[in-house]
Amino acid sequence: MNQDPTAAEHPVEAATDVFLAHRNLLFTVAYELLGSAADAEDVLQETWLRWVGVDLSTVREHRAYLVRICTRQALNRLRTLARRRESYVGPWLPEPLLTAPDVAEDVELAESVSLAMLLVLETLTPTERAVFVLREVFGLEYGEIAEAVDKSPVAVRQITHRARAHVAARRPRGAVSPAEARQAVTAFRRAVETGDLRALLGLLAPDAVLLGDGGGVVQAAPAPVVGAESVAALLCRISRLPVSLTIEQVNGRPALVSRVDGEVDTVLALRLDEGLITGLYAVRNPEKLSRMTRETALGR
């Protein structure tokens, strides 16, 4: 195997260059497995600490090797988080992230990082989640995934089939284009700002569900709000509050962001099924909104 003399003379610099070249990919993998940017950043730090000690001349595929390290660290953290979430106050929602417009143009990636899909992924086991993300979102080969999750390629194929069926039964029905999503959110914003109950009922599916995540720190619905009338009645109250509402790109989709005195107060993401809003995800936990002041890149 030919060894890069520069890498041999400056191993840390070479390792840094390779890591930075794949950082966005690694962050997205970790975030899709954990639903938390803060935990994803911790996983990246752990991945870097292990990567910097590797002799690059022995690594055939840098990308696959880094993904393997990152996935294993994320799986370890995911099992810890599962225990922590058992004591979480109220519904738990993923941490929302501002995303660049080009993420929305990648329909597959935009769907995979949407809050609706991240909640679907929460219903998988940690290994199923890792296998699904690595195969269905990033297109890794079964052999690469097998090394990352410590399973045989045959087992990975079986897990992929099971996870794919599980997700298909729960994912939003019908693909939504970026233009359709923005049109729906624009109409929704107008109805919320004006407190137009009739307009809201026309946008919401009869069985629409709103989940509010305050983390026990700020006020939020302690349990799911079910039914178009109940959800619409709750939303109508927003028109009477001193908040400003903007439409911003969150997790690859347009979402409603409310601010009070310039500070992000709530991120309200929507799930669309066949033209109607079936899911509303209101993230209010301040810890999950602290990163909304700066854009975090999500990409392959």
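Predicted model: local features only at pLDDT ≥ 70, side-chain atom pairs only at ≥ 80, totals over all residues.
**Helix faces**

Helix H2 spans residues 11–21, and its buried residues are Ala 14, Ala 15, Val 18 and Phe 19. Viewed down the axis of H2, these buried residues fall within an arc of 130°, so they line one face of the helix. An α-helix has 3.6 residues a turn, so residues three or four places apart point the same way. The other side of H2 carries the exposed residues Asp 17, Leu 20 and Ala 21.

Thr 160 is a residue of helix H11. Its relative accessibility is 1%, and Thr 160 therefore counts as buried. With residues up to four places away in sequence not counted, Thr 160 touches Val 131, Arg 135, Glu 136 and Tyr 142.

**Pockets and cavities**

| Space | Volume |
|---|---|
| Largest pocket | About 640 Å³ |
| Second largest pocket | About 380 Å³ |
| Largest cavity | About 70 Å³ |

The largest pocket, with about 640 Å³ of space, is lined by 23 residues, and the closest to its centre are Leu 234, Ile 238, Leu 241, Thr 266 and Arg 284. At least two lining residues come from each of strand E1 (204–213), helix H14 (228–236), strand E4 (253–260) and strand E5 (263–273). By class, this lining comprises 16 nonpolar, four polar and three charged residues.

The second largest pocket has 18 lining residues, and those nearest its centre are Arg 84, Tyr 88, Trp 92, Glu 287 and Lys 288. Helix H4 (37–51), helix H5 (62–85) and helix H15 (286–289) are the elements that give two or more residues to this lining. Of these, H5 gives the most, with three residues. The lining of the second largest pocket is made up of five nonpolar, six polar and seven charged residues.

The count of cavities of 30 Å³ or more comes to three. What lines the largest cavity? The lining consists of Val 176, Ala 181, Val 185, Arg 253, Pro 254, Ala 269, Leu 270 and Leu 272. By class, seven of the lining residues are nonpolar, none is polar and one is charged.

**Two buried loop residues**

Ser 114 occupies the loop between helix H7 (107–113) and helix H8 (115–121). Is Ser 114 buried or exposed? The relative accessible area of Ser 114 is 7%, so this residue is buried, the cut-off for burial being under 20%. The side chain of Ser 114 reaches the backbone oxygen of Glu 111 at 2.9 Å. Residues up to four places away in sequence aside, Ser 114 touches Asn 251 and Arg 253. Arg 253 also belongs to the lining of the largest cavity.

Gly 227 is located in the loop between strand E2 (225–226) and H14. The relative accessibility of Gly 227 is 15%, and on that basis the residue counts as buried. Apart from neighbours within four places in sequence, Gly 227 is in contact with Pro 206, Asp 207 and Ala 208. The C-alpha atoms of Gly 227 and Val 209 are separated by 6.2 Å, although the two residues are 18 residues apart along the chain.

Notes. Residues numbered from 1 in each chain as written. Heavy atoms only, no water. Buried < 20%, exposed > 50% of the residue type's maximum accessible area, 1.4 Å probe, protein only. Helix = DSSP H or I, 4+ residues; strand = E, 2+ residues; numbered from the N terminus. Arc of directions from axis to C-beta. 1 Å grid on protein atoms, 1.4 Å probe; cavity = no way out; pocket = protein on both sides within 12 Å on 5 of 7 lines; lining within 4 Å. Points joined across faces, edges and corners; volume = space filled by probe spheres on them. Nonpolar A, V, L, I, M, F, W, Y, C, P; charged D, E, K, R; others polar. Polar contact = N/O pair within 3.5 Å; in protein donor to acceptor, adjacent residues only side chain to side chain. Contact = heavy atoms within 4.5 Å.
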